[in-house]
Amino acid sequence: MKIIVGKNFSPTRAWEALDIANFDGTSVRLHWTDQPYRWHINDGEEVFVVLDGVVEMHYRERAEVHKVMLNVGDIFFASVGTEHVAHPQGAARVLVIEKEDSV
């Protein structure tokens, strides 16, 4: 059993993660960041949940960039092949569920 108080997770660098669980190759991780990630496509699907802060998610569809503002409790689902990049607006904590060792 684990109890994790997300607001207490404050690592020293952007996108550092706390491993929470692994379900047969699917990782559940808590990330802290105050910097954008990088454009990427995961090796599978990804569920991205904002737990604290605000994140502007950029994603491409048909070579066109779209942006959506994600607030606490909002979820971004990246289907297979979705190119995306998260831009936190200040510090943010996010729960990411994805294939283990995905980008």
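How much space lies in the largest pocket? The largest pocket holds about 260 Å³ of space. The views below show a predicted model.

**View 1. Lining of the largest pocket.** The lining of the largest pocket is made up of 18 residues. Those that lie nearest the pocket centre are H31, Y37, V96, E98 and V103. Two or more lining residues come from each of the elements β2 (26-33), β4 (46-52), β8 (83-88) and β9 (92-99). Sorted by class, eight of the lining residues are nonpolar, five are polar and five are charged.

**View 2. The open four-stranded sheet.** The strand order in this open sheet is β3-β8-β5-β6, with antiparallel pairing. Strands β3 (40-41) and β6 (64-70) stand at the edges and have a single partner strand each, so one side of each lacks a neighbour in the sheet.

**View 3. Pairing of β5 with β8.** Strand β5, residues 55-61, runs antiparallel to β8, and five bridges join the pair. Within this pairing, Y59 has H84 of β8 as its bridge partner.

**View 4. The largest nonpolar core.** Thirteen residues form the largest nonpolar core. Inside the core, F48, V55, F76 and V94 have the most contacts. The elements β4, β5, β7 (75-78) and β9 each give two or more residues to this core.

**View 5. Surroundings of V55.** Leaving aside residues up to four places away in sequence, V55 touches F48, V50, V68, M69, L70, A86, H87, P88, A92 and V94. Two of these, F48 and V94, are listed with V55 among the core residues with the most contacts.

How values were computed. Residues numbered from 1 in each chain as written. Predicted model: local features only at pLDDT ≥ 70, side-chain atom pairs only at ≥ 80, totals over all residues. Heavy atoms only, no water. 1 Å grid on protein atoms, 1.4 Å probe; cavity = no way out; pocket = protein on both sides within 12 Å on 5 of 7 lines; lining within 4 Å. Points joined across faces, edges and corners; volume = space filled by probe spheres on them. Nonpolar A, V, L, I, M, F, W, Y, C, P; charged D, E, K, R; others polar. Pairing = 2+ DSSP bridges. Core = buried A, V, L, I, M, F, W, Y, C linked by side-chain atoms within 4.5 Å. Buried < 20%, exposed > 50% of the residue type's maximum accessible area, 1.4 Å probe, protein only. Contact = heavy atoms within 4.5 Å.
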